[in-house]
Amino acid sequence: MKLAFTFLLLIPFVFFAQEDDLLSEIDAEVPNSYVGAAFKGLKIVNFESTKMVSKKELYFVVSHRFGTVKTGISDFFGLDQAVTRLNFIYGISDGINLGVSRSSFQRTYESSLKLRLVRQKKGGFPFTIVSFNSLLINTQLDELVIPQIEFTDRLGYTAQLLISKKINENFSLQLIPSFFHDNYNPVENQDNSQYSIGLGGRHKLSKRWSINFDYGMHLNRASNSPFNNPLSIGFDLETGGHVFQLHFTNAQPMNTNGFLGQGAGDWGQGDFFFGFNLSRIF
């Protein structure tokens with residue numbers, strides 16, 4: 001409940017703080033004939049986007065995902081089962097970003113490296129390609145439940161290529177081939193190394209608003225797995241020094257290994273989650 005009140009208190013700052021900073025960048029021309037950012041948020045919804053943090057900038061991203069709305073009023077449509085992720089991303093350069101985060105889902109710590117390999121250019125290369133790699137530590141695994149657990153069992157890894165194209169001023173698409181590995185996997189017969197292909201998109205509705213979606217097709221999920229492919233839809237609001245994202249998804253975890261490998265919701269059963277991301281630039 002305290003998090004809900006905190007969220008309400010943040011709203012005035014989201015709408016009024018540093019309004020000129022980010023809005024001045026929207027639709028701005030990029031030097032050297034490079035195409036402007038395909039996405040305004042560091043995330044599409046669940047998946048990373050090809051947007052980079054600029055050199056010497058620090059982003060602080062607060063992500064919150066409520067519990068399933070399927071439970072109804074008994075826990076106020078997921079309010080009592082929420083998870084939170086705090087993420088800091090720093091721009092070593094315009095094309096090199098380092099991140100560190102902590103999520104309450106499985107008490108996960110993550111470090112990440114995001115590298116821009118090539119950039120979409122007018123009359124030149126047609127795509128922006130970024131690599132995203134991360135290392136995760138699941139600190140929730142209990143030695144009492146799993147007596148022989150070792151530190152290495154807590155580790156997980158992610159490697160992705162983010163391939164985006166800004167098709168026009170209003171519409172962008174991104175393809176995301178992904179590899180992720182968990183040294184410990186709770187699902188019997190599930191390979192520790194897993195693969196997926198993600199697809200995401202953004203359509204600008206106005207100068208401030210856009211609608212986003214992403215979907216991850218798991219390529220080697222075990223037949224007995226209780227988890228589902230993540231499908232998410234959301235809205236970005238650009239205002240001041242912030243990008244404020246509101247979204248619905250069938251995957252509550254916010255780290256890549258989590259939403260790709262352990263998305264437990266089912267849209268067909270009305271089992272999905274509401275959440276938001278709030279980004280602040282320093």
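A cavity here is a set of grid points where a 1.4 Å probe fits but cannot get out. With that in mind, a search of this whole structure, which is a predicted model, turns up four cavities of 30 Å³ or more.

The largest cavity takes up about 180 Å³. Its lining is made of 19 residues, and those nearest its centre are Leu 42, Lys 43, Glu 48, Asn 87 and Ile 89. Strands β1 (58-68), β2 (83-93), β3 (96-103), β4 (108-118) and β12 (273-281) each give two or more residues to that lining.

The second largest cavity comes in at about 70 Å³. Among the residues around it are Asp 182, Tyr 184, Asn 185, Pro 186, Gly 261 and Gln 262.

Three of those names, Asp 182, Tyr 184 and Gln 262, come up again in an open space. The second largest pocket holds about 290 Å³. It has 18 lining residues, and Gln 106, Asn 138, Asp 182, Tyr 184 and Gln 262 are the closest to its centre. At least two lining residues come from each of β5 (128-138), β6 (155-166) and α3 (256-261).

Here is how the three spaces look side by side:

| Space | Volume | Lining by class |
|---|---|---|
| Largest cavity | about 180 Å³ | six nonpolar, eight polar, five charged |
| Second largest cavity | about 70 Å³ | four nonpolar, six polar, one charged |
| Second largest pocket | about 290 Å³ | six nonpolar, nine polar, three charged |

The largest nonpolar core has ten residues: Phe 47, Met 52, Val 130, Phe 132, Leu 162, Ile 176, Phe 180, Ala 251, Phe 259 and Leu 260. Each of β5, β7 (171-182) and α3 supplies at least two of this core's residues. There is also a second, separate core of six residues, including Leu 42, Val 53, Tyr 59 and Ile 89. Leu 42 and Ile 89 also sit among the residues nearest the centre of the largest cavity.

Setting aside neighbours within four places in sequence, Phe 259 touches Asn 46, Phe 47, Pro 230, Ala 251, Pro 253 and Met 254.

Finally, the strands. β7 runs antiparallel to β8 (193-204), and the two pair over eleven bridges. Within that pairing, Phe 171 has His 203 of β8 as its bridge partner. β8 also pairs with β9 (209-218), again in the antiparallel sense, over nine bridges. There, Gly 201 stands opposite Phe 213. Four residues lie between β8 and β9, and the two strands form a hairpin.

Conventions:
Residues are numbered from 1 along each chain as its sequence is written. This is a predicted model: local features need pLDDT of at least 70, side-chain atom pairs count only at pLDDT 80 or more; totals for chains, interfaces and linings use all residues. Side-chain values use heavy atoms; hydrogens and water are left out. On a 1 Å grid over the protein atoms alone, a cavity is a set of points where a 1.4 Å probe fits but cannot get out, and a pocket is an open set with protein on both sides within 12 Å along at least five of seven lines; lining residues have an atom within 4 Å of a point. Grid points are joined across faces, edges and corners, and a volume is the space filled by probe spheres set on the points. Ala, Val, Leu, Ile, Met, Phe, Trp, Tyr, Cys and Pro count as nonpolar, Asp, Glu, Lys and Arg as charged, and the others, Gly among them, as polar. A nonpolar core is a set of buried Ala, Val, Leu, Ile, Met, Phe, Trp, Tyr and Cys residues joined through side-chain atoms within 4.5 Å. Buried means under 20% relative accessible area, exposed over 50%, partly exposed in between (1.4 Å probe, protein chains only). Contact means heavy atoms within 4.5 Å. Two strands pair if DSSP finds at least two bridges between them.
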